[in-house]
Amino acid sequence: MWAILSALYPTEKDALRVTKYKPYENELKFEGIEFPVKMEDGVFKRFEKLNNVSVDIYAYDKSSENKDIYPLRITGNKLDKHVNLLYMKNEEGNNHYCWIKDLSRLISSQLSNSNGRRYTCERCLLSYHSDKDLQIHEMDCKKNKTVKIIMPEKKSIKFKNYHKSLRTPFVMYADFECSTTKIDTSQPDENRPYMQKYQKHEPMSFAFYIKYKHDDYKPPIIYRGPNATKVFYDTVKSEALKIKKKFMIRSIQSK
């Protein structure tokens with residue numbers, strides 16, 4: 001109860017003292033819920049229904065070096081009033097809950113060595129550099145069950161069986177050139193990590209060469225002018241259709 005009250009009625013000073021939340025102890029309803037509160041989904045579903053407050057619960061892996069955090073219980077209906085709790089169990093078997101004030105900060109060490117701001121998915125704990133990317137991810141993630149993603153111990157995976165790969169008949173090599181113009185940006189907050197943008201890159205030209213494994217296909221294509229990105233896309237699409245037609249005809253004739 002106190003962990004949830006500390007989230008709903010935060011205090012800047014002496015947040016660990018129960019007396020700070022005594023004035024609000026009757027604000028929550030616990031009818032039909034036994035104390036100490038068991039770590040059971042049904043118990044928290046009842047709490048959410050009684051109080052119109054959604055709750056996610058996390059635990060930490062004692063066996064891991066960094067005490068990695070993982071989701072233990074994720075609500076099926078996140079509400080405007082939402083609380084993240086950390087579940088702990090001591091040697092005597094007693095349950096304890098703590099309010100997680102900032103989930104991204106809590107798990108930052110197990111996600112990345114970067115000190116920049118991260119936006120974390122509460123269901124799978126994947127993190128992103130922007131809130132927009134996180135929202136796109138959550139659209140699919142919420143359709144799946146709660147998971148803890150465990151990365152392989154090997155930091156890199158290499159493909160070695162090159163003799164089993166098929167040679168690509170066509171390969172395109174392309175390059176863009178851009179003009180840069182200075183841009184004005186707002187003054188960054190020095191108390192937070194930031195990336196200062198000072199130039200805008202505008203594509204102005206491109207060149208690409210298509211290599212066919214059997215013989216020459218055509219000379220390099222070079223363009224310089226307006227709408228370079230669109231012209232590049234249209235040109236590549238046109239060449240791809242020509243290649244598809246030519247390659248399919250040769251394949252049929254070879255049969």
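In helix 2, the residues Val 43, Phe 44, Phe 47, Glu 48 and Asn 51 are buried, where buried stands for under 20% relative accessible area, exposed for over 50% and partly exposed for values in between, computed with a 1.4 Å probe on protein chains only. Helices (H or I, at least four residues) and strands (E, at least two) are DSSP runs, numbered from the N terminus.

This is a predicted model, in which local features need pLDDT of at least 70 and side-chain atom pairs count only at pLDDT 80 or more, whereas totals for chains, interfaces and linings use all residues. Residues are numbered from 1 along each chain as its sequence is written, and side-chain values use heavy atoms, with hydrogens and water left out.

The buried residues of helix 2 pack against helix 1, strand 1, strand 2 (69-73) and strand 4 (95-99), while the face turned away from the buried side carries the exposed residues Lys 45 and Lys 49. Helix 2 is followed by Asn 52, whose phi is positive, near 55°.

## Nonpolar cores

The largest nonpolar core has 19 residues, and those with the most contacts inside it are Ile 4, Phe 47, Val 55, Ile 57, Leu 85 and Tyr 97; such a core is a set of buried Ala, Val, Leu, Ile, Met, Phe, Trp, Tyr and Cys residues joined through side-chain atoms within 4.5 Å. Two or more residues of this core come from each of helix 1, helix 2, strand 1 (54-60) and strand 3 (82-89), with the largest share, 4 residues, supplied by helix 1.

Not counting residues up to four places away in sequence, Val 55 touches Ile 4, Phe 44, Phe 47, Glu 48, Arg 73, Thr 75, His 82, Val 83 and Leu 85, contact being defined as heavy atoms within 4.5 Å. A second, separate core of 10 residues includes Ile 210, Ala 228, Phe 232 and Ile 243.

## Aromatic pairs

The structure holds 14 aromatic pairs, counted for rings of Phe, Tyr and Trp (its six-membered ring) whose centres lie within 6.5 Å, with planes under 30 degrees apart called stacked, over 60 edge-to-face and the rest tilted. The pair of Tyr 9 and Tyr 24 is stacked, because the ring centres are 4.0 Å apart and the planes stand at 0°. Both residues belong to the loop between helix 1 (2-8) and helix 2 (41-51), and the pair links parts of the chain that are 15 residues apart. Tyr 9 is partly exposed at 25% relative accessibility, as is Tyr 24 at 31%.

Phe 30 and Phe 47 form a tilted pair, 5.5 Å centre to centre with 40° between the planes. Phe 30 lies in the loop between helix 1 and helix 2 and Phe 47 in helix 2, so this pair ties together parts that are 17 residues apart in sequence. Phe 30 is buried at 16% relative accessibility, and Phe 47 is buried at 3%.

Phe 176, Phe 206, Phe 208, Tyr 223 and Phe 232 form one aromatic cluster. Ser 205 lies in strand 8 (residues 199-212) and is buried, with a relative accessible area of 8%. Leaving aside neighbours within four places in sequence, Ser 205 is in contact with residues including Phe 176, Tyr 223 and Ala 228.

## Salt bridges

The count comes to 11 salt bridges, each a side-chain nitrogen of Lys or Arg within 4 Å of a carboxyl oxygen of Asp or Glu. One of them joins Lys 78 and Glu 122 at 3.1 Å, N to O. Lys 78 lies in the loop between strand 2 and strand 3 and Glu 122 in the loop between strand 5 (119-120) and strand 6 (127-128), so the pair ties together parts that are 44 residues apart in sequence. Lys 78 is exposed at 51% relative accessible area, whereas Glu 122 is buried at 16%.

The side chains of Lys 242 and Glu 239 also meet in a salt bridge (3.8 Å, N to O), and these two residues, being 3 residues apart in helix 6 (residues 228-254), are separated by about one helical turn. Lys 242 is partly exposed at 44%, while Glu 239 is buried at 5%. Asp 41, Lys 45, Glu 48 and Arg 73 are linked in a network of salt bridges.
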